[in-house]
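Thanks for coming, everyone. Please have the sequence and the model open while I talk.

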Amino acid sequence: WGAGHTLCKIPLPQYHEYRVDGERDDLQPLEFFSLGERLFRMGFLKMIDHYRSDQVIKAFKPDISFSHSPSDSATEKVAQLIGAQSSVYLTHARFGNTVSASIPLGMAFAIREGQMLPNMKVLIGCASAGVTTGWACFRYQP
């Protein structure tokens with residue numbers, strides 16, 4: 001969902017040469033910019049839409065699930081809306097917003113703590129700036 005690119009970015013030095021009408025012109029090259037609340041809301045909605053539109057992912061019933069975790073309450077809300085609340089592994093309260101590392105961090109600790117075991121069905125979901133969303137499902141085979 002490319003329209004979300006105006007919500008969060010690190011502009012390249014040539015940013016002003018490619019800026020489209022109506023887009024902010026006060027961004028500084030190589031400085032992080034984010035409209036966090038709007039980005040969060042759009043990412044959340046698009047993540048749910050994406051999930052509901054994919055019949056394979058929607059039919060998958062995970063034993064454990066992981067996501068990019070901007071907050072535990074947001075992760076729990078997504079899990080509730082997709083019917084995976086009993087499988088969600090939370091990381092935010094323990095580690096903070098670890099951005100794209102949330103998923104591998106959660107998986108590593110779930111394995112270490114004996115909560116992710118061989119042959120378990122795993123679901124992964126994420127939303128990121130841009131806005132891009134992604135879902136994956138698999139059986140864990142170490």
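Let's start with one residue. Phe66 is buried, at a relative accessible area of 4%. Buried means under 20% relative accessible area, exposed means over 50%, and partly exposed is in between, with a 1.4 Å probe and protein chains only.

Before I go on, a word on the source. This is a predicted model, where local features need pLDDT of at least 70, side-chain atom pairs count only at pLDDT 80 or more, and totals for chains, interfaces and linings use all residues. Residues are numbered from 1 along each chain as its sequence is written, and side-chain values use heavy atoms, with hydrogens and water left out.

Back to Phe66. What kind of aromatic pair does Phe66 form with Tyr89? A tilted one: 5.7 Å centre to centre, with 45 degrees between the planes. Rings of Phe, Tyr and Trp (its six-membered ring) pair if their centres lie within 6.5 Å; planes under 30 degrees apart are stacked, over 60 edge-to-face, and the rest tilted. A search of the whole structure finds three aromatic pairs. Phe66 sits in strand E3, residues 64-67, and Tyr89 in the loop between helix H4 (72-81) and H5, so the pair ties together parts 23 residues apart in sequence. Tyr89 is buried too, at 7% relative accessibility.

Helices (H or I, at least four residues) and strands (E, at least two) are DSSP runs, numbered from the N terminus.

Now the wider view. The chain has six helices and five strands. Along the sequence, the pattern reads β-α-β-α-α-β-α-α-α-β-β. The C-alpha trace spans about 50 × 30 × 25 Å along its principal axes. Of the 142 residues, 37% are buried. Take the contacts with a separation of 6 or more: 54% of them come from residues 24 or more positions apart. Contact means heavy atoms within 4.5 Å.

Next, helix H2, residues 36-53. H2 has 18 residues and reaches 25 Å from its first C-alpha to its last, close to the 26 Å expected at 1.5 Å a residue. That expected span is 1.5 Å times one less than the number of residues. Which residues of H2 are buried? Leu39, Gly43, Phe44, Met47, Ile48 and Tyr51. They cover an arc of only 155 degrees around the axis, which puts them on the same side of H2. The arc is taken from the directions from the helix axis to the C-beta atoms.

On to H4. Its buried residues are Asp72, Ala74, Thr75, Val78 and Ala79. Their arc around the axis is only 165 degrees, so they lie on the same side of H4. The cover over the buried residues of H4 includes H2, E3, H5 and E5. Just after H4, Gly83 takes a positive phi of about 75 degrees.

The loop between H4 and H5 also holds Thr91. Is Thr91 buried or exposed? Buried, with a relative accessible area of 3%. Leaving out residues up to four places away in sequence, Thr91 touches Ser69, Asp72, Gly96, Ser102 and Gly106.

Then comes Arg94, in helix H5, residues 92-95. Arg94 is partly exposed, at 43% relative accessibility. Neighbours within four places aside, Arg94 contacts Tyr89, Phe109 and Glu113. The side chains of Arg94 and Glu113 make a polar contact at 2.6 Å. A polar contact is a pair of N or O atoms within 3.5 Å; within protein, one must be able to donate a hydrogen and the other to accept it, and residues adjacent in sequence count only if both atoms are side-chain atoms.

Two charges sit over rings. Arg112 lies over the face of Phe109, 4.7 Å from the ring centre. Lys121 lies over the face of Phe60, at 5.0 Å. The test is NZ of Lys or CZ of Arg within 6 Å of the ring centre and within 35 degrees of the ring normal.

Last, the backbone. Most residues other than glycine have a negative phi, and most peptide bonds are trans. Leu30 has a positive phi, near 65 degrees. Leu30 lies in the loop between helix H1 (15-18) and strand E2 (33-34), and is exposed at 56% relative accessibility. Asn119 has a positive phi near 75 degrees. Asn119 is in the loop between helix H6 (102-112) and E4, partly exposed at 42%. Finally, a cis peptide bond joins Gly130 and Val131, with omega about -5 degrees. Val131 is in the loop between strand E4 (121-128) and strand E5 (132-139).
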